[in-house]
Amino acid sequence: MTSYLPQNEGILQYALLLASIASIGNSVQSYLTTSYTRRVYSAPETTVTPLHSRTFGTYTAVVSIIRLYAAYNITDPLLYQLALWTYVVALGHFYSEWLIFKTARWGEGLAGPLVVSVGSLTWMVLQWGHYIR
C-alpha cells in the first residue's frame, strides 16, 4: 500500500497529497450542491448559484491536480512552484472576496481555506531548499 504514496523524504509531500484528495472531495461536492460554496461566500447579499458552485468546483479540481503532481514530484522545481502558486492564488482570492468584494464573511467556511492557504504557502516557502536543490 505504501508504494502508492509519494516516496521522497519529508512530510510536505503527504500534506500536498492530503490537500489534493480533500480538494477533489470539495470539487465533487461543488457539483452536487451549493451548500459548501455558500458557507464560504456567506455575506448576506451574496447569491451563490449552481453555476458559481460548479465553476468553483472546476477551479478546485485543477488546483488539486497540480498539487497531486507536486506531491509525487516534489523535487521538480516547476511543479513545486506551480503548487506554491496555487496557494498564492487561493490566498489572494479568499482575502479579496472577504476584504475587498465583501462576498465572504469570517467564519468556518472562510477560516479553513485561509488557514490552509497561509499554512501551506508558508510551509512550502520554508521548505524550498530541502526539496529543491
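This is a predicted model: local features need pLDDT of at least 70, side-chain atom pairs count only at pLDDT 80 or more; totals for chains, interfaces and linings use all residues.
Reader: What makes α3 and α4 roughly antiparallel?

Author: The axes of helix α3 (residues 50-72) and helix α4 (residues 77-99) cross at roughly 150° and come within 8 Å. Roughly antiparallel means over 145 degrees (under 35 is roughly parallel, 65 to 115 roughly perpendicular, the rest oblique). The crossing angle therefore makes α3 roughly antiparallel to α4. Axes are lines fitted to C-alpha atoms, for helices over the stretch in contact, and angles run from 0 to 180 degrees between N-to-C directions. Helices are DSSP runs of H or I with at least four residues, and strands are E runs of at least two, numbered from the N terminus.

Reader: Which residues of α3 and α4 meet?

Author: F56, Y59, V63, I66, R67, Y69 and A70 in α3 meet L79, L82, A83, T86, Y87, V89, A90 and F94 in α4. Contact means heavy atoms within 4.5 Å. The residues of this contact divide into 13 nonpolar, one polar and one charged. Here Ala, Val, Leu, Ile, Met, Phe, Trp, Tyr, Cys and Pro count as nonpolar, Asp, Glu, Lys and Arg as charged, and the others, Gly among them, as polar.

Reader: Why is the pair of Y80 and W128 called edge-to-face?

Author: Rings of Phe, Tyr and Trp (its six-membered ring) pair if their centres lie within 6.5 Å; planes over 60 degrees apart count as edge-to-face, under 30 as stacked and the rest as tilted. The ring centres of Y80 and W128 are 5.2 Å apart and the planes stand at 85°, so this pair is edge-to-face. Y80 lies in helix α4 and W128 in helix α5 (residues 108-131), so the pair ties together parts 48 residues apart in sequence.

Reader: Are Y80 and W128 buried or partly exposed?

Author: Buried means under 20% relative accessible area, exposed over 50%, and partly exposed in between (1.4 Å probe, protein chains only). Y80 has 1%, so Y80 is buried. W128 has 31%, so W128 is partly exposed.

Reader: What makes the pair of Y95 and W98 stacked?

Author: The rings of Y95 and W98 are 5.9 Å apart centre to centre, with 25° between the planes, and the pair is stacked. Y95 and W98 are three residues apart in helix α4, so about one helical turn separates them. Y95, at 32% relative accessible area, is partly exposed, and W98, at 25%, is partly exposed.

Reader: How do you know that S23 and S27 are buried?

Author: S23 is in helix α1 (residues 12-32), and its relative accessibility is 9%, so S23 counts as buried. S27 is in helix α1, and its relative accessible area is 6%, so S27 is buried. Leaving aside neighbours within four places in sequence, S23 is in contact with T60, S64 and R67. With residues up to four places away in sequence not counted, S27 touches G57, T60 and A61.

Reader: Why does K102 count as partly exposed?

Author: K102 has 46% relative accessibility, so K102 counts as partly exposed. K102 lies in the loop between α4 and α5, and has a positive phi of about 60° although it is not a glycine.

Technical notes:
Residues are numbered from 1 along each chain as its sequence is written. Side-chain values use heavy atoms; hydrogens and water are left out.
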